[in-house]
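My entries follow in the order I made them.

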Amino acid sequence: MGELIVIAFLVLALIAYVITGGADFGVGILELAERPERRDELRAVGERAIAPVWEANHIWIIVALVIVFVGFPQVHVQMTTVLHIPLLLMLVGIILRGTAFTFRYYDIGEGEGRGPWTTFFRGGSVMVPMMFGHMVAAMSRGRFSAEPTSVYDAYIHPWVGWFPFATGLFVTALFAWIAAVFLVGEERAERKAPAAARARRWTVLLVPLSGAVTLTAWLEGVPWLVDALRSPLLYGVAILALGSTLVLWRLLDSERLWTVRALAGAVVVSVLAGYWGAVYPTAVQLEGGASIGWHEAAAPSATMNALAVTLIAASLLILPGLAWLYRLFKTPNPEDRGGPVQPS
């Protein structure tokens, strides 16, 4: 029982990180993709939106890493050894982006001094989802060699290729899309229409990118793809994602802020559920058809039970505080939608 609870917490932590942390990284991606004459305006809105909560949003990646480290040591060893290069780049991106945002928002005034920090902020915002996507693809791709013959085979070949690259692009676009949807509710009334149009453009972009992920997976012979395409779960989550997206598309111009954000969350849950359902119970796909499963890689029952109790107790302590944080800082003032965040 403890093992299933821990796996459930791992899935929930990843979902929470993609939604909340993804929205934070997406702000930097949107800035980079925006037309130069509109970047300063978008930057101001994005900073106002994420400044009160961005540090709290990243608690979830820490929770996920701790769960893997304590509960699934075999998976942790594979991930931190074979994938140490993309993992290191991802962590560097997180630190670089957070440091740059802190200096840009709190310490650097208007002028030339802001430029380098803005570059680091935007670059880190792109680096993290790209490496995240590469790692996700690598763990299910089947290129982990049991007996590598070179440094390339051991540490580069598993995560370099068209399928990991396409997955990285999709995750990057997904993060930007989450941010674009969330920022619609942060804009002033006169800027809501352009913000909604921006969100719709990113919605359209996700369609060919998701197709590219499927196509490259098929071309590389990813082992789980055929079974996934035959699974009713895949079509169920696809219908949920499509339905949520269509409703969200219609509501982007409305004042139903939290409904739109909940629908964006439903799309993210659908994407992650589709991936998890396709690869579960495999944690790491090895070369030659072998694999490491979540259940076989689990720590002893005593460890898993203790970890489950700890996660439940920590949730009871932390989640009310996070809920209050979001209520305090993310409830917009109806008289000044998109202005400085006001307590509710």
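I started at the end of H10, where the helix is followed by Gly-221, and the phi of Gly-221 is positive, near 70 degrees. I note here that the model is predicted.

I then checked the length of H10. Helix H10 covers residues 192-219, 28 residues in total. From first C-alpha to last, H10 reaches 41 Å, close to the 40 Å expected at 1.5 Å a residue.

I ran the same kind of check on H9. Helix H9 has 23 residues, 162-184, and at 1.5 Å a residue it should span 33 Å. The end C-alpha atoms of H9 are 33 Å apart, which agrees.

Next I asked how many residues of H9 are buried. The count is 20 of the 23, so H9 is largely enclosed by the rest of the structure.

I looked up the largest nonpolar core and found 99 residues in it. Phe-72, Val-75, Met-90, Trp-177 and Val-181 have the most contacts inside this core. H9 gives the most to the core, with 16 residues.

Leaving out residues up to four places away in sequence, Val-181 touches Ala-199, Leu-248, Leu-252, Val-260 and Ala-264.

I turned to H1 and its packing partners. Helix H1 (residues 2-33) packs on helix H13 (residues 257-279) at an angle of about 135 degrees, and their axes are 10 Å apart. That angle makes H1 oblique to H13. The crossing of H1 past H13 is right-handed. On the H1 side I listed Ile-7, Val-11, Leu-14, Ile-15, Val-18 and Ile-19 in the contact. On the H13 side I listed Gly-265, Val-268, Val-269, Leu-272 and Trp-276.

H1 and helix H2 (residues 36-50) pack at about 175 degrees, with their axes 9 Å apart. H1 and H2 are therefore roughly antiparallel to each other. Here Asp-24, Val-27, Leu-30, Glu-31 and Leu-32 of H1 meet Arg-39, Leu-42, Arg-43, Gly-46 and Ile-50 of H2.

My last entry is on Tyr-152, which is found in helix H8 (residues 151-155). I get 43% relative accessibility for Tyr-152, so this residue counts as partly exposed; the class lies between the cut-offs of 20% and 50%. Not counting residues up to four places away in sequence, Tyr-152 touches His-157 and Pro-158. I also took the C-alpha separation of Tyr-152 and Leu-286, which is 16 Å, with the two residues 134 apart along the chain.

Definitions and conventions
Residues numbered from 1 in each chain as written. Predicted model: local features only at pLDDT ≥ 70, side-chain atom pairs only at ≥ 80, totals over all residues. Heavy atoms only, no water. Helix = DSSP H or I, 4+ residues; strand = E, 2+ residues; numbered from the N terminus. Expected span 1.5 Å × (residues − 1). Buried < 20%, exposed > 50% of the residue type's maximum accessible area, 1.4 Å probe, protein only. Core = buried A, V, L, I, M, F, W, Y, C linked by side-chain atoms within 4.5 Å. Contact = heavy atoms within 4.5 Å. Axes fitted to C-alpha atoms, helices over the stretch in contact; angles between N-to-C directions. Parallel < 35°, antiparallel > 145°, perpendicular 65-115°, else oblique. Left-handed = near helix turned anticlockwise from the far one by under 90°.
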